[in-house]
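Student: I would like to go through this model term by term. Please set each value against its cut-off.

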Amino acid sequence: MSVRPANGAFAKRSQSHVLILASGDRIRHVTVRPWMVAIATSIIGAFAIGYLAATTYLVLRDDLIGGTIARQARMQHEYEDRITALRAQVDRVTSRQLLDQQVVEEKVEKLLQQQLEISSRGERLDALGVGPQSVVPIGHDASLPKTEPLPYEEHAGAKSGLKAIEKIIGMAEPNTGTPTAPAAFAPITTTAEAGETTSDRADRIFSSVTLSLKGVAREQMAHIRQMTDGALRVSEAIRSIVDRTGFILPDHETADVTSAVLRTGEATGIGGPFVEPQREDEFEQSLAALDSALLELEQTRAAARKLPLASPAPANDITSTFGNRLDPFFGRLALHAGIDFRAQTGTRIRSTAAGTVTAAGPAGGYGNMIEIDHGNGVSTRYAHLAVVLVDVGDRVKAGQVIGKSGSTGRSTGPHLHYEVRLNGEAVDPMRFLSAGTKLADYID
């Protein structure tokens, strides 16, 4: 056995263990190193630990399997409880959505009724001829301004109204307008406020739409009142201008329903128990007032159009006015019962209003003269004509050529003598010509 000196100057020398293996004549010396001892010890320890682990597993296997099964069962119960809770939550959400759907449908139905009512009002206004471009005058001589267009210029039907409301509250799919299920509500397109729920947002949008519809209704009422006041002002302006001519337009009172029913009853026979009349709302009353005002205006315009307001010789100058003047033949003061227009022989003479010819031919100092009856005691005369183109009894239109100027009768040269008579008495024709200029914008 050999001895190896230890490392280090002052350390003790350790003895090495030698293992001698003899096999026949062969002898082998194996030095046992510390690392060999460590490896052998590790291997033996590993085998011991494995043996102990296997033994423990075999002993405790049933307990481990039972614990695993119990843990899995506990996890399954927890999972089932979670599913049950989620189902209950889904049921609550579904119930809330169904309830919200009913509320939304009721609100949509209410909005549709308001929208249809406004649409029907607009259609009734159109039936009266009261469109967004209707004329509303503000003065006697002023040009007639136009009213502002109303937002219901294009009337929506029930289908388009429903689509619009669904689009606003987010119940329609993009680009289709098809309502979806309550559980698949699309996000509301309006900006949501902080902490605001979908239901609160829908309520806010419905309130906004309702206020908008009420605003349209108020604008309709304001438009009707504006049109009524405008029609009454125009009618009064026409009457005021015509009054200056000396002619008073007749009052056109609308026949009331009672007298119409009585007249109808005399011919057809009607009856039945007495029932109180239906109470009309503010819109119906305003619409009735507008209808009456428009009827009054149209009748006033129609009466004014019958008056001789045009010139019998347009573009020709007036050479002599109405009133006293020196007679060209006697040289003394005499009444000139009309006005004279400078007109070369053959100038076409036109009727100043529609009417019936009551005289056509020679008439003493008038020469060839035409007289036209325009109704309500108003007549006109056209004298000193060279050619008469109408006969007694003919119906003529305003502006129709009725003759050609000349110098027949008591005349010093070619011209047109024009008269206007009220109930047979001559009046100044300039009043009617001036009134025609002022009324041009009111009755055309």
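**Cores, rings and loops**

Tutor: Start inside. The largest nonpolar core has 45 residues, and Ile238, Ile370, Tyr382, Leu439 and Tyr442 touch the most other members. The model is predicted: local features need pLDDT of at least 70, side-chain atom pairs count only at pLDDT 80 or more, and totals for chains, interfaces and linings use all residues. Residues are numbered from 1 along each chain as its sequence is written, and side-chain values use heavy atoms, with hydrogens and water left out.

Student: What makes a set of residues a nonpolar core?

Tutor: The members are buried Ala, Val, Leu, Ile, Met, Phe, Trp, Tyr and Cys residues, joined through side-chain atoms within 4.5 Å. Buried means under 20% relative accessible area, exposed over 50%, and partly exposed in between (1.4 Å probe, protein chains only).

Student: How many aromatic pairs does a search of the whole structure find?

Tutor: One. The ring centres of tyrosine 382 and tyrosine 418 are 5.4 Å apart, with the planes at 45 degrees.

Student: Why is the pair called tilted?

Tutor: Rings of Phe, Tyr and Trp (its six-membered ring) pair if their centres lie within 6.5 Å; planes under 30 degrees apart count as stacked, over 60 as edge-to-face and the rest as tilted. The planes here stand at 45 degrees, so the pair is tilted. Tyrosine 382 is in strand β10 (residues 378-388) and tyrosine 418 in strand β13 (residues 415-422), 36 residues apart. Both tyrosines are buried.

Student: Glutamate 419 is in strand β13 too. Why does glutamate 419 count as buried?

Tutor: Its relative accessibility is 2%, so glutamate 419 counts as buried.

Student: What makes the link between glutamate 419 and tyrosine 366 a polar contact?

Tutor: The rule asks for a pair of N or O atoms within 3.5 Å; within protein, one must be able to donate a hydrogen and the other to accept it, and residues adjacent in sequence count only if both atoms are side-chain atoms. The side chains of glutamate 419 and tyrosine 366 make such a contact at 2.9 Å. Contact in general means heavy atoms within 4.5 Å. Leaving aside neighbours within four places in sequence, glutamate 419 is in contact with residues including Ala337, Ser379 and Arg381.

Student: Is glutamine 344 buried or exposed?

Tutor: Exposed, because its relative accessibility is 59%. Glutamine 344 sits in the loop between β6 and β7 (348-350). Its C-alpha atom is 5.7 Å from that of proline 414, 70 residues apart along the chain. Leaving aside neighbours within four places in sequence, glutamine 344 is in contact with Ser405 and Pro414.

Student: Why does serine 411 count as buried?

Tutor: Its relative accessibility is 14%, so serine 411 counts as buried. Serine 411 is in the loop between β12 (401-405) and β13. A polar contact of 3.1 Å joins its side chain to that of serine 407. Serine 411 also touches Phe329 and His384, not counting residues up to four places away in sequence.

Student: Where does α6 bend?

Tutor: At threonine 437, by about 40 degrees. The bend is the angle between axes fitted to the seven residues ending there and the seven starting there.

Student: How do you know that aspartate 428 caps α6?

Tutor: A side-chain oxygen of aspartate 428 lies 3.0 Å from the backbone nitrogen of methionine 430, at the N-terminal end of α6.

Technical notes:
Helices (H or I, at least four residues) and strands (E, at least two) are DSSP runs, numbered from the N terminus.
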